[in-house]
Amino acid sequence: MLRRTPSDTTDAAVRILRSLFPPFLLHLYKSLVSPIGGGKLAAMMVARVTVITCQWLMGICKVNSVDLPDGSSWESGVFVERCKYLEESKCVGICVNTCKLPTQTFFKDYMGIPLLMEPNFNDYSCQFKFGVLPPLPEDDGTLKEPCLEVCPIASKRRGAASDMVIMRCPKA
């Protein structure tokens, strides 16, 4: 992230996610599975697969119910109790640009499943909401989060310019 723009970092992370699957599988899933039941089946399937396959990266997580914009509720959420990725990086920019934005983009663009990820920078939890579109960037509060006090990048910047006021993460 230090030598790339946030957009370049996000694009690279999407390419990595795409490389984990054979291209025909992503196309078939998006074309055949995602449309079933208005996307409900695909969203619920992906939530379960995420819990089974991603605990090594994110930590303990469980499927939960999420409220959809239409007022209905699906068992298509994943609640990560304490994200190991965020906890280890201690950086809003790394979370946003190498996890949240690319993961949301990957699921929507390559699997046909809207996804909203809501990291909590106070307790390092994260709520995935499969089947829910993320807000526009200008309306996404996560992108306006300030650097974490424990962020190693922010502490280097504070040391270089102690009178600098850090409003938001420069990498978010």
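Modeller: Start with a term: a residue is buried when its relative accessible area is under 20%. Now take strand β4, residues 126-130 of this predicted model. Of its 5 residues, 5 are buried, so the strand is largely enclosed by the rest of the structure. Look at the two faces. Cys126, Phe128 and Phe130 point one way. Gln127 and Lys129 point the other way, and these are buried too.

Next, the partners. Strand β2, residues 73-80, pairs with β4 in the antiparallel sense, over 4 bridges. Within that pairing, Val78 has Phe128 as its bridge partner. Strand β3, residues 115-119, also runs antiparallel to β4, and here there are 5 bridges. Gln127 of β4 has Glu118 opposite it. β3 and β4 form a hairpin with 6 residues between the strands. In this hairpin, Tyr124 takes a positive phi near 65°.

Now the empty space. A probe the size of a water molecule, rolled over the atoms, shows where space is left. The count is 1 cavity of 30 Å³ or more. The largest cavity holds about 60 Å³. Its lining includes Cys126 and Phe128, along with Tyr124 and Met117. The elements that give two or more residues to this lining are α6 (92-111), β3 and β4. By class, the lining has 10 nonpolar residues, 1 polar residue and no charged residues.

Terms used. Residues numbered from 1 in each chain as written. Predicted model: local features only at pLDDT ≥ 70, side-chain atom pairs only at ≥ 80, totals over all residues. Heavy atoms only, no water. Buried < 20%, exposed > 50% of the residue type's maximum accessible area, 1.4 Å probe, protein only. Pairing = 2+ DSSP bridges. 1 Å grid on protein atoms, 1.4 Å probe; cavity = no way out; pocket = protein on both sides within 12 Å on 5 of 7 lines; lining within 4 Å. Points joined across faces, edges and corners; volume = space filled by probe spheres on them. Nonpolar A, V, L, I, M, F, W, Y, C, P; charged D, E, K, R; others polar.
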